[in-house]
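I opened this model to look up its folds, its packing and its chain contact. My entries follow in the order of looking.

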Amino acid sequence: MFYSLPVPFQDEHVASVVYRAFQCTHHLSIEQYYKQELNELFFDMPQRFWLNSYFDVAIAFKHYFELPEFLSRFSNLCDYTLLLNTEQTNIQSPMSLFEYLSTVKFVQAVNIKSDRAWRYCPECATEEEKSLGTSYWHASHQRYYRLSCDRHQCLLKSLEGKFGLPPVEQQSSEVTTKQVATEKRLRWIVEQIRLTPSKLRKSCLIQAFKQKLNISDAEHLKLQNRDRLRYLHHWFADCYNKTGLGDFFEWGAMGANLYPLDSIRGLYFMLDCKNNIHPMIYLMLCYVLLTDDEIVMALETPNEGAENNFMATRMLMPFEIPNAKYA
Amino acid sequence: MRHLVPMRVKADYQSSLRDKYADNPFVASMPPFMEKEDFDAFMSYKHTLPDDLFELLTIDAKEEIDDLKKTYLPLNQSYQLYEHIYVQMRKYYGQVNPLSADARRLQNELSISLKSGVAFRQNEAELYSELCPTILVSGEAGCGKTVTIRKILSLFPQVIQHQSFAGKPFNNEQVVYLSFDMQSSKSKKALVYNFFAELDRVLGLEASKDFIKGITVVDKLLSAMKLAIHKYSIGIMHIDEFQFALNRRKASKDIPTLAELEALFNKVGVPIILSATQDAITEFSQNAASAESQTTAMQSVRRVSSVAHITFKQWKHGANATNTFFDVYFPKSIFCASYEIDNKFQIQFLMYAAGVPHAMTELAIAFVRNFYDLKKKGQVETISDMSLFLAQVYKVRMQTWHSALRVLQNKYSVSGDTSQSETEKTQAEHVKSVLKATKRKSRTNKPANVVANKIERIEEGEEVINPDSIVADYSKGDFDVL
């Protein structure tokens with residue numbers, strides 16, 4: 001699709017490489033090009049995948065990088081495979097994994113603020129324009145669990161308007177202590193999840209959530225438990241509002257009664273491994289429900305030769321709901 | 001052969017470069033500069049007729065004779081041109097290091113300008129103090145301008161594929177040179193289309209589809225061309241048939257002015273070779289000022305030849321290239337004894353072809369073919385005088401050339417003015433007088449010797465040509481008409 005692609009800069013997102021190549025070889029705008037030539041919609045959000053374009057670029061650079069290495073270094077696609085349900089698919093190669101990824105529709109993705117617009121560090125953009133002649137999108141800035149730039153310790157800004165290269169000469173804002181702490185803990189959780197084999201991650205976490213909430217899959221059928229869960233989600237929403245997670249997520253009218261944090265239905269939907277909810281929702285649940293020790297324990301993998309029922313033996317202390325009415 | 005896609009060459013970087021070029025992959029990938037001896041040896045090609053020419057099958061022998069056309073003899077101007085091309089290309093690539101911030105910045109600016117459809121400004125050239133480097137090559141048609149330029153350019157790989165430079169990934173497709181024609185039609189767009197057609201050919205891609213498909217505005221087309229020049233790192237461009245732009249008339253507003261072309265190439269600063277015919281240069285130098293583009297004569301002249309003006313002249317008697325030409329086309333192994341090529345023949349030959357290499361080649365090949373035919377038939381003894389034989393070949397073979405050559409023959413001096421000997425002068429005058437005598441007969445109302453019962457008269461404007469006279473010329477033919 002694109003000829004003579006520029007070599008990615010350090011930490012450059014593949015979308016940025018595609019865009020720079022496109023700009024130098026096409027007279028159309030990229031939105032027009034996707035609509036007219038590729039007959040596809042152009043999504044100016046990092047949560048959507050221009051996978052065909054990404055693969056073209058990855059193949060063009062196969063002399064320099066292996067495909068998995070290229071995609072993990074120059075894209076944020078690996079963030080979306082963090083807690084992907086891949087049990088029912090026949091995924092044998094990175095290529096097939098990403099092909100599958102392109103078909104997945106994440107529930108509640110629209111409400112993840114940090115994944116809705118391309119983000120950049122104003123300081124980085126200005127510096128790079130001076131030193132390299134062009135600003136570019138960093139792959140690390142597009143991670144949905146990130147709020148700030150590591151180099152400049154400033155808040156990432158979201159692109160407003162049409163997709164293009166990051167604007168230069170923009171004012172940067174300082175990141176608050178609360179934001180730093182939240183981001184630091186979320187990054188730590190992601191690191192812990194990555195240590196676990198990808199097939200076990202989701203089931204381990206969901207098992208831990210169930211134990212912590214003291215509910216089972218069949219429990220929603222019992223009417224007497226509905227009151228308990230209704231109180232639970234009220235407390236849950238309150239707890240969420242007090243943390244620094246508001247920078248990552250916002251409530252939306254369209255998703256009423258679907259959020260795991262504010263509805264029973266949403267909670268059960270999330271606790272079903274088959275459903276693909278945006279991974280940031282799981283991270284937020286980890287953040288709110290589990291302590292660091294509990295996360296480590298939940299994601300612990302069985303040693304070689306361990307018994308198959310290892311999972312059942314791990315027990316977390318159920319969450320105590322400080323609600324007099326329920327008690 | 002130009003329709004074939006040139007091979008992509010993997011970049012081979014020179015290690016010993018001046019410090020200022022050491023970190024530039026484009027300069028490093030240029031082939032090493034050749035000294036004159038190496039250049040001449042590399043460029044020249046002399047096709048030798050086999051000694052056993054008359055023992056070969058006729059078809060093989062005719063092919064051998066036709067292959068004489070492949071002969072190329074470099075002139076002093078060729079090396080001068082090579083030097084200028086090399087220097088300008090290296091200087092340009094030195095300024096557009098693809099690894100530098102400025103190159104990326106310029107590319108971004110050009111792409112934004114293309115997409116926003118910013119109008120192409122005619123006076124843009126005035127914003128830049130440095131003139132766009134231009135090499136003007138002029139000469140009579142057939143003097144070998146285009147062939148020489150394209151042969152010199154072919155010393156450079158046309159498309160270079162870069163993969164890594166100085167141990168780092170560097171993915172780039174570099175088009176070192178591009179050679180295309182100035183449009184002859186009254187359309188500014190045609191220049192852009194010619195450019196992109198040639199770019200597509202050398203890249204083997206449909207690059208133009210993405211750059212210009214659907215664009216109808218001339219300004220945007222020119223912006224797309226500028227961006228493509230930069231994107232594919234074109235090192236030098238050759239615009240052939242530049243006479244169409246040089247003597248642009250007021251009425252033909254669709255052909256770009258010099259100022260517009262200057263503005264087009266100046267921002268990117270890519271060196272340009274312009275080749276134009278001698279008569280266009282003469283006319284241009286007499287009337288260089290253009291009220292339309294508000295340029296003075298000096299400005300216009302500087303623009304077309306800011307680096308050099310190289311003239312390809314008609315070949316003279318006694319020059320090295322001319323002597324080599326006669327050695328190659330009239331080898332002593334074939335033209336010996338009473339058929340030897342002497343000075344008189346050479347002068348007559350040069351006068352006929354007016355020293356224009358293309359005409360010389362055509363005439364020589366026709367002569368050798370006819371000589372071969374007669375000798376093969378055993379009728380070579382019928383050639384009593386080589387000069388007369390040459391005159392007959394010229395009359396039959398070169399009749400289409402004659403009207404064009406006649407003007408040049410009148411002005412042509414067979415030798416340099418100062419060194420022309422009395423003998424040469426006398427012989428040249430004699431040939432001129434013979435040529436004058438071969439002029440068309442004066443018109444008459446009484447057509448003579450009508451061979452057919454009813455001959456249709458061909459009218460060309462007011463002129464009446466007697467078709468019988470043409471028939472008569474051919475009917476004399478002991479000579480083939482090639």
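**Entry 1: chain A**

I began with chain A, which has 14 helices and two strands. I took helices (H or I, at least four residues) and strands (E, at least two) as DSSP runs, numbered from the N terminus. The model is predicted, so I kept its conventions in view: local features need pLDDT of at least 70, side-chain atom pairs count only at pLDDT 80 or more, and totals for chains, interfaces and linings use all residues. Residues are numbered from 1 along each chain as its sequence is written, while chains are lettered from A and ligands numbered from 1 in the order in which they are written.

Of the 327 residues in chain A, 36% count as buried. I call a residue buried if 20 or more other C-beta atoms lie within 10 Å of its own, exposed if 12 or fewer, and partly exposed in between, with C-beta atoms placed from the backbone. Next I checked contacts, meaning two residues whose C-beta atoms, placed from the backbone, lie within 7 Å. Among the contacts of chain A with a separation of 6 or more, 72% are between residues 24 or more positions apart.

**Entry 2: one residue of chain A**

I picked Met284(A), which sits in helix α12 (residues 279-289) of chain A. Is Met284(A) buried or exposed? It counts as buried because it has 22 C-beta neighbours inside 10 Å. Leaving out residues up to four places away in sequence, Met284(A) touches Leu245(A) and Phe249(A).

**Entry 3: chain B and its sheet**

Chain B has 20 helices and ten strands. Buried residues are 36% of its 482 residues. Of the contacts in chain B between residues at least 6 apart in sequence, 76% join residues at least 24 apart.

I then traced an open sheet of five strands in chain B, in the order β5-β6-β7-β2-β8, with parallel pairing. Two strands pair if DSSP finds at least two bridges between them. β5 (177-181) and β8 (308-312) of chain B are at the edges with a single partner strand each, so one side of each has no neighbour in the sheet. Neighbouring strands are turned by 15° against each other on average, direction ignored.

How many bridges join β2(B) and β7(B)? I found six, in the parallel sense. Val137(B) has Ser275(B) as its bridge partner in β7(B). β2(B) and β8(B) pair in the parallel sense over five bridges, and Gly139(B) stands opposite Phe312(B) in β8(B). β6 (residues 236-240) and β7 (residues 272-277) of chain B pair in parallel over three bridges. There Ile239(B) stands opposite Leu274(B).

I noted that β2(B) is largely enclosed by the rest of the structure, because six of its six residues are buried. Thr134(B), Leu136(B) and Ser138(B) point one way, and Ile135(B), Val137(B) and Gly139(B) the other. In a regular strand the side chains alternate between the two faces of the sheet.

Helix α6 (residues 145-153) of chain B lies across β2, β5, β6, β7 and β8 of chain B, at about 160° to β7(B). Axes are lines fitted to C-alpha atoms, for helices over the stretch in contact, and angles run from 0 to 180 degrees between N-to-C directions.

**Entry 4: a helix pair**

I looked up α15 (residues 343-353) and α17 (residues 386-397) of chain B, which pack at about 15° with axes 10 Å apart.

**Entry 5: the chain contact**

Last, I checked where the chains meet: 26 residues of chain B are in contact with 17 residues of chain A. On the chain B side, α5(B) gives the most, with ten residues.
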